[in-house]
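I set out to record what I looked up in this structure, entry by entry.

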Amino acid sequence: MRFKIPIDLKDRRRYISLIAETNQERLGDLLRGAIRELSGVKGLSTYRFKVIDLGNDKLILKTTESSIHAILSALLTIH
């Protein structure tokens, strides 16, 4: 039996497109380090993201609407 979650309780997905000369594991580690510096261990558990490699230095960051500001701030500190 599947329970249906009301749409207002779900986090909306957001995607960030990147072109970077790094692989997805390295970018994930850099983002985790930047989030740890900005908001500590609590930020690492709160802000979720996933790095998807599309090839040819193209990457997609999959995140939620509530954590997009923190992810963008972490990207700016890495850059």
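**Entry 1: salt bridges**

I began in helix α1, where Arg32 and Asp29 are three residues apart and therefore separated by about one helical turn. I found that their side chains meet in a salt bridge, at 3.6 Å from N to O. I noted Arg32 as partly exposed, because its relative accessibility is 38%. The model I am reading is a predicted one.

I then asked how many salt bridges the rule gives in total. The count comes to three.

Next I looked up Asp11, which forms a salt bridge with Arg48; the closest N and O atoms are 3.1 Å apart. Asp11 lies in the segment before β1 and Arg48 in the loop between α1 (24-46) and β2, so this pair ties together parts that are 37 residues apart in sequence.

I turned to Glu65 and Arg14, whose side chains meet in a salt bridge at 3.6 Å, N to O. This pair links distant parts of the chain: Glu65 sits in the loop between β3 and α2, Arg14 in strand β1, and 51 residues separate them. I recorded Glu65 as partly exposed, with a relative accessible area of 39%. Arg14 counts as partly exposed at 29%; the cut-off for buried is under 20%.

**Entry 2: strands β2 and β3**

I checked how strand β2 (residues 49-55) meets strand β3 (residues 58-64). The two run antiparallel and are joined by six bridges. Which residue of β3 stands opposite Ile52? I found Ile60 in that position.

β2 and β3 form a hairpin, with two residues between them. In the turn, I noted that Asn56 has a positive phi of about 55 degrees.

**Entry 3: the largest pocket**

I looked up the volume of the largest pocket and found about 210 Å³ of space. Its lining consists of Leu18, Ile19, Ala20, Thr22, Leu27, Leu75, Leu76, Ile78 and His79.

Which elements each supply at least two residues of this lining? They are β1 (13-19) and α2 (68-78). The most comes from α2, which gives three residues.

How values were computed. Residues numbered from 1 in each chain as written. Predicted model: local features only at pLDDT ≥ 70, side-chain atom pairs only at ≥ 80, totals over all residues. Heavy atoms only, no water. 1 Å grid on protein atoms, 1.4 Å probe; cavity = no way out; pocket = protein on both sides within 12 Å on 5 of 7 lines; lining within 4 Å. Points joined across faces, edges and corners; volume = space filled by probe spheres on them. Helix = DSSP H or I, 4+ residues; strand = E, 2+ residues; numbered from the N terminus. Pairing = 2+ DSSP bridges. Salt bridge = Lys/Arg side-chain N within 4 Å of Asp/Glu carboxyl O. Buried < 20%, exposed > 50% of the residue type's maximum accessible area, 1.4 Å probe, protein only.
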